[in-house]
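This report looks at aromatic rings and a few other local features of one protein model. The structure is shown first, and the description comes after it.

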Amino acid sequence: MDRDYLQDALHTFNGGNWYGWKTHDDNGNKIPNNQRMTYANIKIIKDGATLPTEAEVNAKIQELKDEAQAKIDLKASVKAKLIAGEALTEDEANTIVL
């Protein structure tokens, strides 16, 4: 299953569960479920919460993607070093789950 980076990013703002998704557009038309989860359809549901800009959300999405890729790259490095018999760094050793 693909990671939902939009929702992961949104959860980092305003202390977590502060948003929902609009079910109808401005003209009263129902928004299909498969089209609802977009920045344009965010609905604030928590008092005091503010809508981050789309640029802020996109920057957080990229940060989360970069972190995920760094983990993948680190695991690949560990595997390659183990196969080659090379020493691991402390970060690499910490990726091994016993």
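The model is predicted. A search of the whole structure finds two aromatic pairs. A pair of aromatic rings is described by the distance of the centres and the angle of the planes. The table gives both values for each pair.

| Ring pair | Distance between centres | Angle between planes | Class |
|---|---|---|---|
| Tryptophan 18 and tyrosine 19 | 5.2 Å | 65 degrees | edge-to-face |
| Tyrosine 19 and tryptophan 21 | 5.4 Å | 75 degrees | edge-to-face |

The pair of tryptophan 18 and tyrosine 19 counts as edge-to-face because its planes stand at 65 degrees, and the cut-off for this class is over 60. For tyrosine 19 and tryptophan 21 the angle is 75 degrees, so that pair is edge-to-face as well. Through these ring pairs, Trp18, Tyr19 and Trp21 are linked into a cluster.

Another aromatic ring, that of tyrosine 5, has a charged residue over its face: lysine 65, at 5.5 Å from the ring centre.

The backbone feature concerns asparagine 14, which is not a glycine and yet has a positive phi of about 55 degrees. Asparagine 14 belongs to the loop between α1 (5–10) and β1 (19–21). Its relative accessibility is 27%, so asparagine 14 counts as partly exposed.

Notes
Residues numbered from 1 in each chain as written. Predicted model: local features only at pLDDT ≥ 70, side-chain atom pairs only at ≥ 80, totals over all residues. Heavy atoms only, no water. Phe/Tyr/Trp six-rings, centres within 6.5 Å; stacked < 30°, edge-to-face > 60°. Lys NZ or Arg CZ within 6 Å of the ring centre and 35° of its normal. Helix = DSSP H or I, 4+ residues; strand = E, 2+ residues; numbered from the N terminus. Buried < 20%, exposed > 50% of the residue type's maximum accessible area, 1.4 Å probe, protein only.
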